[in-house]
Amino acid sequence: MNTVFPANFPGYEIETYRHMAVWSLFGLIFSIIVHELAHAVIAEYYNMPILSIRLFIFGGVAEFKGRPSHPRGEFFMAIAGPIMSFFLALFFWATHIVLSQNFGVGPTSQSFQYLGYLNFWLAVFNLIPAFPLDGGRALRAAVWHKKKNLVLATRYASNLGEIFTYLIMGYACYRLSFFDDIIGALWIGLMGIFMLGAGHYAVRQTESWSLLEGQDVRDFISADFVSVSPDLTLNDFVEKYVYKYYQQNFPVVDGQKLVGLIDVHKIMQQDRKRWSWTHVASQMTTLDEIYTVDIASPASEALDMMGRLNINTLMVTQEKKLVGMLNRSDITNYLAIMMKLERGKIVKNSI
Ligand SMILES: [Zn+2]
């Protein structure tokens, strides 16, 4: 913003430009938050709770719990943000008009004018039908509604998103080679990488949902598992348990009570010299950090949960009692095989 203000609104002191930039930045952050809130309110209305919102260069990306339940909700949720940005653009623009008519054109009214522009372009940019931008989401919802198939719709939207991404990356290369616009190219490059990743992820995710259709956590749990005592040294733990039972994780049980979970992978990263005097208790994930899932929950929900929390194991409970463990790899290995053998089933299971 260092050059934006002097170029567009000439004739002020450096200090004034600085104020304009700071206030506009606040205004922009406020605008993005309001844009995201609009998504969240509509999502809530359609019963699609939002888990988190990651603010991104040109707005934010909302993460949802589980899969979108119906195309209509997804569509209105997607366009709510850009519509809000249009309203904000109008609001800032109107404020600029009112201020400049009553008090004359000055830095304050021009900051509002600038925010009006920003919100307008925020709305337009987000409406580009390139998944995972809002426009791409809305497009996916429309295709989903028409074809009655979320997997096909996601592939379609993601492919379009990919084409768009390569186009803007091409533009970034052009800016870089002809105008030495390193910062611009870097931003666009980052955004492109993000969009490609998010698009591919969404396709994989919907394919998994389709393949896991109708399957519960029950179908994947390991019910015969071995637990360990918190007082064991890591040496004993590795010798007597890890090499013997090939589990990725061991529940830590004190007497009858589950007190934690120890991850073999985490132990292997430790300095071996410390193994003889370090105990399981100090290396385990404690009970309050362990995540549980009910045995009757859909398998896809459990997989999403592990992905989101970046963990590999969930404790499986039935009526609050520990009945087994669910490893991420048990589901992903199954999915890897099914993706090879049952590609047709992915699309046939119209979710
Ligand atoms: Zn949005």
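This report walks through the helices, cores, sheets and a few individual residues of the structure above.

## The model at a glance

This is a predicted model, in which local features need pLDDT of at least 70, side-chain atom pairs count only at pLDDT 80 or more, and totals for chains, interfaces and linings use all residues. Residues are numbered from 1 along each chain as its sequence is written.

The secondary structure of the chain comes to 13 helices and eight strands. Both are DSSP runs numbered from the N terminus, with helices being H or I over at least four residues and strands being E over at least two. Of the 351 residues in the chain, 31% count as buried. Here, buried means that 20 or more other C-beta atoms lie within 10 Å of a residue's own; exposed means 12 or fewer, partly exposed is in between, and C-beta atoms are placed from the backbone. As for contacts between residues at least 6 apart in sequence, 63% join residues at least 24 apart. A contact means that the C-beta atoms of two residues, placed from the backbone, lie within 7 Å.

How does the span of α5 fit its length? Its 14 residues should span 20 Å at 1.5 Å a residue, and its end C-alpha atoms are 20 Å apart, which agrees. The expected span is 1.5 Å times one less than the number of residues in the helix. The helix is largely enclosed by the rest of the structure, because 10 of its 14 residues are buried. Among them are D134, G136, A138, L139, V143 and W144. The buried residues of α5 pack against α3, α4 (107-127) and α6.

Just after α5, K148 takes a positive phi of about 55 degrees, and K148 is a residue other than glycine. K148 sits in the loop between α5 (134-147) and α6 (150-179). This lysine counts as exposed because it has 12 C-beta neighbours inside 10 Å.

## Two nonpolar cores

In soluble globular proteins, nonpolar side chains tend to be buried together. A nonpolar core here is a set of buried Ala, Val, Leu, Ile, Met, Phe, Trp, Tyr and Cys residues joined through C-beta atoms within 7 Å. The largest one has 35 residues, and those with the most contacts inside it include M77, A130, F131 and A138. At least two residues of this core come from each of α2 (14-45), α3, α4, α5, α6 and α7 (182-211). Helix α3 gives the most, with nine residues. A second, separate core of 14 residues includes W209, L211, V217 and I221.

Which residues does A130 touch, leaving aside its neighbours within four places in sequence? A130 is in contact with G135, G136, L160, G161, F164, T165 and M195. Over in helix α3 (residues 71-103) you will find F76, which counts as partly exposed because it has 17 C-beta neighbours inside 10 Å. F76 and I42 are 34 residues apart in sequence, yet their C-alpha atoms are 7.0 Å apart in space.

## Strands and their pairing

Strands β3, β4 and β5 form an open sheet in the order β3-β4-β5, with antiparallel pairing. Its edge strands are β3 (249-254) and β5 (285-286), each pairing on one side only. Strands count as paired if DSSP finds at least two bridges between them. Six bridges join β3 to β4 (residues 257-263), and D254 stands opposite K257 in β4.

Further along, strand β6 (residues 292-294) runs parallel to β7, with three bridges joining them. T292 stands opposite M315 in β7. The chain goes from β6 through α11 to β7, making a right-handed β-α-β crossover. Right-handed means that, with the strands pointing away from the viewer, the path from the first strand over the helix to the second runs clockwise. Strand β7 also pairs with β8 (residues 321-327), in the antiparallel sense over six bridges, and T317 stands opposite L322 in β8.

## Two loop residues to look up

N310 is found in the loop between α11 (299-309) and β7 (313-318). Phi of N310 is near 55 degrees, a positive value in a residue other than glycine. With 7 C-beta neighbours inside 10 Å, N310 counts as exposed.

S222 lies in the loop between α7 and α8 (234-245) and counts as partly exposed, with 15 C-beta neighbours inside 10 Å. Leaving aside its neighbours within four places in sequence, S222 is in contact with G324, M325 and N327. The C-alpha atoms of S222 and D330 are separated by 9.0 Å, although these residues are 108 apart along the chain.
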